[in-house]
Amino acid sequence: MNELSKPDLPAQAVRKQNESHSLLHEMIRSFTTLARTLNLTHAVKELGSTRQTLRRHIALLEEMKGAELFVVKDRQYHLTDAGLRALPEAEDILSRGNSWLNRDVGHVEGLQHLTKVLPDGWYFHQQQRPISEIWTSHRPLFRETVKAWTLAQGELEHEALQHVRPYFMVFRDSPQGWLSVEIGDENAYVSWFGWSRARSSIGRDVGKMPGGDDFARLLSAPFDEVKYTRGLRVDHVCTMLPRVENGPMVPLSYQRLMLGGTFPDGTFALLSVVERCHELRIEGVTEEQARLMPEEMLTVEFPTGLKYERE
């Protein structure tokens, strides 16, 4: 049935649908809060709502989704399989909505742009860049990595990747978040934080930047994108990070390449390569700001003439 031949909905159904859509944000807040607390009293208190309102939001959402999201056993709420499947997307919608209202997220020429500035002076600016810039950049590391990745078909242990593997930071997805499982000796993380802290980070999650939970979900979105597309992504980032624990914030400018790969058992491996540089193109970030990072922290350029660079 095409759009023109669809029968008109009864006026009552249209009003109910419009009401549901207008309440969507509040319904998702009710759903995600109850999913986190699994306790009606706690969820109502956190939302500043009422039991009747929360139950109505859940009922409307279940009607719209066509599936039960919760079951109650022994007066305890439990997520159904449908609820478990719906929760990550609901949290993502809520985070993106909050961040959009706060002007933390947007798009520039169709590519994701993130920005966050806190009252204490901390900032984070991230701009997704076109993949084609890899081929036109004067810096060869990303170009060499993509060529090797293509020859290796993403297999981490493939011979074609071994000459660039020391520059990798490798992540595995887990219920606790993205865990670092390998950090190469030439990786930018090592030269920024030092060998001891870098090695101590293996097996731990990536941690949270300042900016709150909604912004943290936005920062994990590129990881999820590469996981699901099994492709690659380039971002330019300008921010501040300490070099030692509890130390002063230091300006940091870098470009990051992420690629989808596989471990020997066939499970997904996220490969990340970072180059600290001053040549950034981020909406709203001036050249002067990008160059605040000390010169001595620039990544030593990858040596040309190796392997596939000149082929």
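1. A residue is called buried when its relative accessible area is under 20%. By that criterion, both Arg139 and Glu275 are buried. These two residues form a salt bridge in this predicted model, with the closest N and O atoms 3.3 Å apart. The pair joins distant parts of the chain, 136 residues apart: Arg139 lies in the loop between helix H6 (133–136) and helix H7 (141–152), whereas Glu275 belongs to strand E10 (residues 268–276).

2. A second salt bridge connects Arg233 with Glu225, and here the closest N and O atoms are 2.6 Å apart. Arg233 has a relative accessible area of 2% and is therefore buried. Glu225, at 29% relative accessibility, counts as partly exposed. Both residues belong to a network of salt bridges that also includes Asp235 and Arg256.

3. The side chains of Glu46 and Arg36 meet in a salt bridge with an N to O distance of 1.9 Å. This pair links helix H3, which holds Glu46, to helix H2, which holds Arg36; the two residues are 10 apart in the chain. Glu46 is partly exposed at 45% relative accessibility, and Arg36 is exposed at 52%. In total, the structure holds 13 salt bridges.

4. Helix H2 (residues 24–37) packs against H4 with the axes 9 Å apart and at an angle of about 105°. Because angles of 65 to 115 degrees count as roughly perpendicular, H2 is assigned to that class relative to H4. On the H2 side the contact is made by Glu26, Met27, Ser30, Phe31 and Leu34, and on the H4 side by Leu54, His57, Ile58, Leu60, Leu61 and Met64. By class, the residues of this contact divide into 8 nonpolar, 2 polar and 1 charged.

5. Helix H3 (residues 40–47) also packs against helix H4 (residues 51–65): their axes come within 9 Å and cross at roughly 100°. H3 is therefore roughly perpendicular to H4. Leu40, Thr41, Ala43, Val44 and Leu47 of H3 meet Arg51, Leu54 and Arg55 of H4. The contact of H3 with H4 comprises 5 nonpolar, 1 polar and 2 charged residues.

6. Regarding the chain as a whole, there are 11 helices and 10 strands. Of the 311 residues, 45% are buried. Among contacts with a separation of 6 or more, 56% are between residues 24 or more positions apart. The accessible surface of the chain is about 17400 Å², and carbon and sulfur atoms account for 52% of that area.

Terms used
Residues numbered from 1 in each chain as written. Predicted model: local features only at pLDDT ≥ 70, side-chain atom pairs only at ≥ 80, totals over all residues. Heavy atoms only, no water. Axes fitted to C-alpha atoms, helices over the stretch in contact; angles between N-to-C directions. Helix = DSSP H or I, 4+ residues; strand = E, 2+ residues; numbered from the N terminus. Parallel < 35°, antiparallel > 145°, perpendicular 65-115°, else oblique. Contact = heavy atoms within 4.5 Å. Nonpolar A, V, L, I, M, F, W, Y, C, P; charged D, E, K, R; others polar. Buried < 20%, exposed > 50% of the residue type's maximum accessible area, 1.4 Å probe, protein only. Areas by Shrake-Rupley, 256 points an atom, 1.4 Å probe, with all protein chains shown as cover. Salt bridge = Lys/Arg side-chain N within 4 Å of Asp/Glu carboxyl O.
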